[in-house]
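Hello,

Here is the structure we talked about. Please open it and keep it beside this note while you read.

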Amino acid sequence: MHDALIVVVLLLVAAAATGAVLQRDPARQAVVLSALGLTLAVLFTVLQAPDVGLAQLAVGSAVTPLMILLTVRKVRRKGRRE
Amino acid sequence: MNWWLAAALALVTGGLGPCLWGAARGSAGRRVVAQNMATLLLCLVFLLLAQGYARPSYVDLALVVAVLGPAGTLVFTRLLGDEIGENPPGLRLLTPAVLVGAPATVVPLCIATGPGRAMGKLVLIGLLLIAGGIVTSAAVRRA
Amino acid sequence: MTRRLRLWVLTAGLLATAALYVAACTDLPAFGGSWHPYGDRAVRAALQQHTANAVSSVNFDQRAFDTLGEETVLFSSVLGTVVLLRRTRGEKRVAPGPAEVPAALRRYGLLVLPVTLLIGLYVIAHGQLSPGGGFQGGVVVATSLHLLYIAVDYKALERIRPLGLFELADGTGEAAYILLGAAGLIAGSAYLANTLPLGTFNTLSSGGTVPLLNAAVGVEVTSAVVVLLAHFLGQALEIESEDGAKDGGREA
C-alpha cells in the first residue's frame, strides 16, 4: 500500500509537470502549475516529509498563481495600449 | 489491510487524476473548477493519510489546505474572471461533492480519533471545507 | 548549419546524456530502505535538545547558520524586487475603483481572514512540535491578509496593509535572527548556539532558541511576502505610464 501510493503520486507529478510544460498560455499555465504544486505536496507527504509538503502548499496554492497572473495582467495591459 | 491508506489511494487515482486532466485542458472556467475540486480532494487525502500513517501531526497539512485552497481558487476567479465569464463552466459537481465528501471523511475520522482537541480540529476542517467549497463554486459560476 | 544538422547534433547529445543517466540510475542505492546514518544522528541530536520536530531542530539548532543564509536570500530577493518594481519617473499611480463583489463572498473573506491568521500563527508557534515553522506559517499569515484583496477588493487590502510598517517588520525580523545568534556568543558559546534552557520535551517552550528563531523567521517571511505582493499588485493595478491614454475605468 505504501509503495502503491508512492508510485501513483510520482506518476501524477510527472504528468502534471509535463502538462505544465506543454501549456503555452501563461494564464492557463498558472492553473496547471497550481495543480502541480498540489500533487507535489501529496508526494512529499507520502514520502514522510510533511514540513516540505506544508511549505509547498503554502507557497504554491495562492502566492505563486497570484504573482504569475498579476504579471500577465500587467504585460497584457501594456501590450494592449501600444 | 490499512483501509485509510486504501481510501487515500482511491481518492488520489480516482479524484486527483481526473482533476489534473481537467486542469490541463479546456476553457478557463473548467480549469478553475478542476483546481477547486483538486484542493477539496487534497484536504480529504491529507486527513486520510494522517490516520493511515498513524501520525496525527499531518492533520495540520489538511488544516492549511482547507483555508489556502479556496484562497487559491478565489485568486483565479478574481484575475481570470473575464476569461471564465466568456465560457461559464457547465458541471455543478463541486457543491454536492463537498457536502457529501467532507462529512463522509470527517465523521469516521472523528469516531476513530475519539473526543478531545484532535476531534475539534477535524470538525473545524470539515466546516472550513464546506464553507470554502460552497463560496468558491458560487464565485466561479458567477465570474 | 542547417536545421536538420542541428537536430541531428541535438539527438546525438540527448542519446549520450540518456545513456549516462541510465548508467548512473542503475548504480544508485535502492529506493527507501532503513539505512540512514545522517538521519539517525540528526534525530538523536534533536531528542537530546528536547525538540520534538527533528526538521526544525536541524533547521534552527544544528544548522541554524544555513537557515540564516536562506532567510537572507529571501530578504535580498524581496529587496531587489522592490527596487525593480518601484514607480519610476514617467509613471504615475492611479487608484483602481472598487470592485463589485457578491455579499456572500465578502462575508466569507471577512470571516475566514481571522481564522487563517490564527492558523498561520499556530503553525509558526508550533514549529518545534509539529510540521511547520516560521517559513510555512509566515506565508500562511501573509496569504490571510491578501484574502481581503481576493474576496473583497484592493481598497480594502490597502486599509489593513500599512506598507511602511511591513517593510520595517521585514528588516526587524531579519535583524532579530542575527541578534539572537549573538546571544550564543554572549553566553560564551558559538554564534547561533542553543544556549537557552531546553525545557520539557513536546511542550510549547521546549527547544531553547528554536521557538525564538521560528518567531523571527515568521515575522520576516510574513512581511517579505506582503511587501513582495504589494509591489506586484501596485504594478498590475495602480501604476501606468504618464503618456498613456486612459485605460477606461479599471476595476481592482
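In which helix of chain C is C:E220 found? The answer is α9, which covers residues 210-238. Bear in mind that this is a predicted model.

C:E220 is worth a look. This residue is buried, yet it has no salt bridge. The nearest side chain of opposite charge belongs to C:R161, and that is 16 Å away. What is C:E220 in contact with, once neighbours within four places in sequence are left aside? The residues are C:E71, C:L74, C:F75, C:D170, C:G173 and C:E174.

Now turn to chains A and B. Here 35 residues of chain B are in contact with 37 residues of chain A. Together the two chains bury about 3,200 Å². Carbon and sulfur atoms account for 79% of that area. Three residues stand out: B:L20, B:Y53 and B:L79 supply 19% of the area that chain B buries against chain A, more than any other three residues.

Which helices of chain B each supply at least two residues to the side that touches chain A? They are α1 (3-24), α2 (28-52) and α3 (59-79). α1(B) gives the most, with 10 residues. By class, that side of chain B has 25 nonpolar, seven polar and three charged residues.

Best wishes

Methods. Residues numbered from 1 in each chain as written. Chains lettered and ligands numbered in written order. Predicted model: local features only at pLDDT ≥ 70, side-chain atom pairs only at ≥ 80, totals over all residues. Heavy atoms only, no water. Contact = heavy atoms within 4.5 Å. Buried area = accessible area lost by both parts, 1.4 Å probe. Helix = DSSP H or I, 4+ residues; strand = E, 2+ residues; numbered from the N terminus. Nonpolar A, V, L, I, M, F, W, Y, C, P; charged D, E, K, R; others polar. Buried < 20%, exposed > 50% of the residue type's maximum accessible area, 1.4 Å probe, protein only. Lys, Arg positive; Asp, Glu negative; His and termini not counted. Salt bridge = Lys/Arg side-chain N within 4 Å of Asp/Glu carboxyl O.
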